[in-house]
Amino acid sequence: MNEPSDLELKGHVLIAMPGMSDERFARSVVLLLTHNADGAMGFILNKPLDEPSFSDVLDLLKLEKERETFEKSGKTFQIFSGGPVEIGRGFVIHTLECTDQSSVRIIDLAAVSGTHEILRAMVSERAPENAFLVLGYSGWGAGQLECVIALNGWLTLEATPELVFGTSYEDQYDAALAALGISEEMLSASAGHA
């Protein structure tokens, strides 16, 4: 078993343990973009936002042509809360066929882009196969995430395209636990017992 200081979790998901004391992360699945000695950064995948809508975001960014194209297309894009840090900042998590020099790859799993170009691509015929927008991100300082993992706040799992893009957000938490061979009920029943 890895010691917390030896963990390398880029491209993994964090799965909140039942009873997570921070309500913002209760039943969360967080995809890690970076994890190193300086800290970690990731995005909650399964916390949808009612507002703003994708059209609202395009409007706010003065992408009127793209908003019109999007509204005529019949496409839908759910927006998620990526975490409590910089909640006004947007990131698109998408499959790899639509990357550019500003995209940050998460191993061979996905890319994260934060430019107008990816939003334009999402509403065009050159759209990535899978893409969704998150507002904000989750961040941890040096050693902070490792401490929370050591205190049994998070479980970890190597992320898969199926979990990130092929599982509905309503089912991601249970699917991530199932991939570890456990259920929330098993964890809740054993909590507090040595």
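Helix H1 (54-60), strand S5 (85-94), helix H3 (116-122) and strand S8 (131-141) each contribute at least two residues to the lining of the largest pocket. The structure is a predicted model.

**Largest pocket**
- The volume of the largest pocket is about 280 Å³.
- Its lining is made up of 19 residues, and the closest to the pocket centre are Val-57, Leu-61, Gly-88, Gly-90 and Leu-135.
- S5 gives the most to this lining, namely six residues.
- Sorted by class, the lining of the largest pocket holds eleven nonpolar, six polar and two charged residues.

- In soluble globular proteins, nonpolar side chains tend to be buried together.
- The largest nonpolar core has 28 residues, of which Val-13, Leu-31, Phe-43, Leu-45, Ile-93, Phe-132 and Val-164 touch the most other members.
- Two or more residues of this core come from each of strand S1 (12-16), strand S2 (29-36), strand S3 (39-44), S5, strand S7 (110-113), S8, helix H5 (161-165) and helix H6 (169-179).
- A second, separate core has 17 residues, including Phe-54, Val-57, Ala-121 and Leu-133.
- Leaving aside neighbours within four places in sequence, Leu-45 is in contact with Val-13, Val-29, Leu-31, Phe-80, Ile-93, Phe-132, Val-164, Tyr-169 and Gln-172.

**Helix H6**
- Gln-172, Tyr-173, Ala-176 and Leu-177 are the buried residues of H6.
- These residues lie on the same side of H6, because they cover an arc of only 120 degrees around the axis.

- Ser-55 is part of helix H1.
- Ser-55 counts as buried because its relative accessible area is 13%, and the cut-off for buried is under 20%.
- Apart from neighbours within four places in sequence, Ser-55 contacts Arg-67, Phe-70 and Glu-71.
- In helix H2 (residues 64-73), the buried residues are Glu-66, Arg-67 and Phe-70.
- Viewed down the axis of H2, its buried residues fall within an arc of 100 degrees, so they line one face of the helix.
- The cover over the buried residues of H2 includes H1 and H3.
- Lys-65 and Lys-72, on the other side of H2, are exposed.
- Just after H2, Gly-74 adopts a positive phi of about 80 degrees.

How values were computed: Residues numbered from 1 in each chain as written. Predicted model: local features only at pLDDT ≥ 70, side-chain atom pairs only at ≥ 80, totals over all residues. Heavy atoms only, no water. 1 Å grid on protein atoms, 1.4 Å probe; cavity = no way out; pocket = protein on both sides within 12 Å on 5 of 7 lines; lining within 4 Å. Points joined across faces, edges and corners; volume = space filled by probe spheres on them. Helix = DSSP H or I, 4+ residues; strand = E, 2+ residues; numbered from the N terminus. Nonpolar A, V, L, I, M, F, W, Y, C, P; charged D, E, K, R; others polar. Core = buried A, V, L, I, M, F, W, Y, C linked by side-chain atoms within 4.5 Å. Buried < 20%, exposed > 50% of the residue type's maximum accessible area, 1.4 Å probe, protein only. Contact = heavy atoms within 4.5 Å. Arc of directions from axis to C-beta.
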